Amino acid sequence: MAPELLERVPQISLKSFDIGCLIGKGQFGRVYIAREKLSGYIVALKVLSIEELIKVNAERQLRREVEIQTNLRHPNILRLLGYFQDDIYFVLILEYAAKGELYKQLVKSRRLKEKKASRYIAQTAKALSYIHQKHVIHRDIKPENLLIDFHDEIKIADFGLSVHTIQRRRTICGTLDYLPPEMVEGKEHDEKIDLWSLGVLCYELLTGTAPFEEACHTATYKRIAKVEFTLPDHLSFEACNLICSLLQHDPKQRLPLKDVLKHPWIREYEGQPSSN
Ligand code: AMP
């Protein structure tokens, strides 16, 4: 009998679904497209091996992810619809994001047009504003953790590193290229780290590379601490202005999310069709 990781929902099991093809592989398991037999509803099933989760001590991370994501309801946050487990697997029932990772889209097109990037940044900012109001910090915003649905809407996924807090914290987490100066320098951090990541994301979407990317970690750390980055000529004045307003060393100087949503570069493309 597998140890109970989380509360069981006995009436649902893998038998409740027609399981389709594999759509992704993550650190602890596989993700399949599936159809719930009774409703016909299409979902993504994240099937995690309990043995593997225990081996790498990831139950806490998973519990945090589930607790946080269950309570979030926003059009730009991937819905966790439910979960269940049997003796072998722990299964998350997730909203299906038909176009997959933003990262894959970025690799394919190398960099995004300003209109498309602006819409994605606006949607991410709206979702971050919502979670910050609920005292949740995501802490790992990057193209790999942003999924795109059929209607080309951003869905923030992966709350494995997020925290529920109103206190300031010191833990180093997140992806190296997206780490803010306060983490690199071992200082306390708060929700303003997500503003920094939004600036890094904006830069990466528009240029195809992260602003502080270097071959070795120490060099990246140094550039982050000095906020040393260059803006390519092809970027518009307004895009550069937004990036610079977010990539501020002092967290208090970073443009607040409500002002990101009013920024001319965001306003310019607001309400336009999503193609391109
Ligand atoms: P993860 O284990 O969360 O890292 O997921 C592994 C991969 O599965 C991701 O990189 C996505 O490509 C895909 N994936 C995860 N969740 C979903 C979802 N809800 N909808 C569509 N694809 C997903």
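Modeller: Two packed helices are described by the angle between their axes and the distance between the axes. In this predicted model, α6 and helix α8 (residues 237-246) pack with their axes 8 Å apart and at an angle of about 150°.

Colleague: How are α6 and α8 oriented to each other, roughly parallel or roughly antiparallel?

Modeller: Angles over 145 degrees count as roughly antiparallel. The angle here is about 150°, and α6 and α8 are therefore roughly antiparallel to each other. Their crossing is left-handed.

Colleague: Which residues of α6 and α8 meet?

Modeller: From α6 come Leu-195, Trp-196, Leu-198, Gly-199, Cys-202, Tyr-203 and Leu-206, and they meet Ala-239, Leu-242, Ile-243 and Leu-246 of α8. By class, this contact has 10 nonpolar residues, one polar and no charged.

Colleague: At what angle do the axes of α4 and α6 cross?

Modeller: Helix α4 (residues 114-133) and helix α6 (residues 193-207) have axes that cross at roughly 165° and come within 10 Å. The crossing of α4 and α6 is right-handed.

Colleague: Which residues of α4 and α6 form that contact?

Modeller: On the α4 side, they include Tyr-120, Ile-121, Leu-128 and His-132; on the α6 side, they include Asp-194, Leu-198, Leu-201 and Leu-205. The contact of α4 with α6 comprises 11 nonpolar, two polar and two charged residues.

Colleague: Let us turn to the ligand. How many residues surround the ligand, and which are the closest?

Modeller: There are 15 residues around the ligand, the closest being Gly-26, Lys-46, Glu-95, Ala-97 and Glu-101.

Colleague: Which atoms of Lys-46, Glu-95 and Lys-104 lie by polar atoms of the ligand?

Modeller: For Lys-46, a side-chain N or O atom is 2.8 Å from an oxygen atom of the ligand. Glu-95 instead places a backbone N or O atom 2.7 Å from a ligand nitrogen atom. In Lys-104, a polar side-chain atom lies 3.3 Å from an oxygen atom of the ligand.

Methods: Residues are numbered from 1 along each chain as its sequence is written. This is a predicted model: local features need pLDDT of at least 70, side-chain atom pairs count only at pLDDT 80 or more; totals for chains, interfaces and linings use all residues. Side-chain values use heavy atoms; hydrogens and water are left out. Axes are lines fitted to C-alpha atoms, for helices over the stretch in contact, and angles run from 0 to 180 degrees between N-to-C directions. Helices (H or I, at least four residues) and strands (E, at least two) are DSSP runs, numbered from the N terminus. A crossing is left-handed if the near helix is turned anticlockwise from the far one by less than a right angle, and right-handed if clockwise. Contact means heavy atoms within 4.5 Å. Ala, Val, Leu, Ile, Met, Phe, Trp, Tyr, Cys and Pro count as nonpolar, Asp, Glu, Lys and Arg as charged, and the others, Gly among them, as polar. A residue is near a molecule or strand if one of its heavy atoms lies within 4 Å of it. A polar contact is a pair of N or O atoms within 3.5 Å; within protein, one must be able to donate a hydrogen and the other to accept it, and residues adjacent in sequence count only if both atoms are side-chain atoms. Angles under 35 degrees count as roughly parallel, over 145 as roughly antiparallel, 65 to 115 as roughly perpendicular and the rest as oblique.
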